[in-house]
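Work through the exercises below with the sequence and the coordinates open. Each task is followed by a solution in steps.

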Amino acid sequence: MQKKLDLFGVLIIGFVTAVGGGTIRDVLIGNTPVTWMKDIITPLIILGTAIVTIFFKQLVKNLKVTLFLFDALGLGLFTVIGIQKGLDAGLNPGICVALGTITGCFGGVLRDLLLSQIPVLFQKEIYATACIIGGTVYVLSLSFINQQFAEAIAVILICGIRILAVRLNWKLPSIKI
């Protein structure tokens, strides 16, 4: 909405952000039609959420901390879902961590690219790094603890790293030429 898009633009950006990472993951592993196309509920939830957000944009502006916390939680959850889909497809665990990172992060990358911005993921925030660390812990821990406990640890770890990175202003070093 900061870019002053019309209603259609806001809905499309919201939709791409919500399903972009999972769509890329599904295409990469050959899971077609992609997950959101198999059930009308997901597109309807995205549409409804985008419309509510438009109507309550002033309220939403005041919920920055709450939205950030839900974003961090979603990052952890979607990373683990992406890793699990890769493992279910019989892929190498390292590739699965990459798939989890794509699932968690690439909706935002697509959003930024559509808005003609350098993706935040590539320039200043610890986001994908949190997915890689938490995802690696998840994959490694599956061999000695049960799956649900490993999932909980990974989600908490990813969410915690993301929150601490923002709170303590952690950043990866920039490469300057």
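Buried means under 20% relative accessible area, exposed over 50%, and partly exposed in between, with a 1.4 Å probe and protein chains only. Helices (H or I, at least four residues) and strands (E, at least two) are DSSP runs, numbered from the N terminus. The model is predicted: local features need pLDDT of at least 70, side-chain atom pairs count only at pLDDT 80 or more, and totals for chains, interfaces and linings use all residues. Residues are numbered from 1 along each chain as its sequence is written, and side-chain values use heavy atoms, with hydrogens and water left out.

**Exercise 1. Helix H7**

Find which residues of H7 are buried and describe how they are arranged around the axis.

Step 1. The buried residues in H7 are Ala150, Ala154, Val155, Ile158, Cys159, Ile161, Arg162 and Ala165.
Step 2. Viewed down the axis of H7, these buried residues fall within an arc of 155°, so they line one face of the helix. The arc is that of the directions from the helix axis to the C-beta atoms.
Step 3. Gln148, Ile156 and Arg167, on the other side of H7, are exposed.
Step 4. H4 and H6 are included in what covers the buried residues of H7; contact means heavy atoms within 4.5 Å.
Step 5. The end C-alpha atoms of H7 are 30 Å apart, which agrees with the 30 Å that its 21 residues should span at 1.5 Å a residue. The expected span is 1.5 Å times one less than the number of residues.

**Exercise 2. Helix H6**

Step 1. Ala128, Ala130, Cys131, Gly134, Gly135, Tyr138, Val139 and Ser141 are the buried residues in H6.
Step 2. They cover an arc of only 165° around the axis, which puts them on the same side of H6.
Step 3. The helices that the buried residues of H6 pack against are H4 (64-88), H5 (93-114) and H7 (147-167).

**Exercise 3. Salt bridges**

Step 1. Side chains of opposite charge can pair when their charged atoms come close. The rule used is a side-chain nitrogen of Lys or Arg within 4 Å of a carboxyl oxygen of Asp or Glu, and the count comes to two.
Step 2. Asp26 is buried at 1% relative accessible area, and Arg25 is buried at 5%.
Step 3. Arg111 is partly exposed at 28% relative accessibility, whereas Asp112 is buried at 3%.
Step 4. Asp112 is found in H5. Leaving aside neighbours within four places in sequence, Asp112 is in contact with Gln117, Ile118, Pro119 and Val120.

**Exercise 4. Backbone in the loops**

Examine the backbone at Pro33 and at Ser116.

Step 1. Thr32 and Pro33 are joined by a cis peptide bond, with omega about -5°. Pro33 is in the loop between H1 (7-29) and H2.
Step 2. Ser116 is not a glycine, yet has a positive phi of about 60°. Ser116 lies in the loop between H5 and H6 and is exposed, at 71% relative accessibility.
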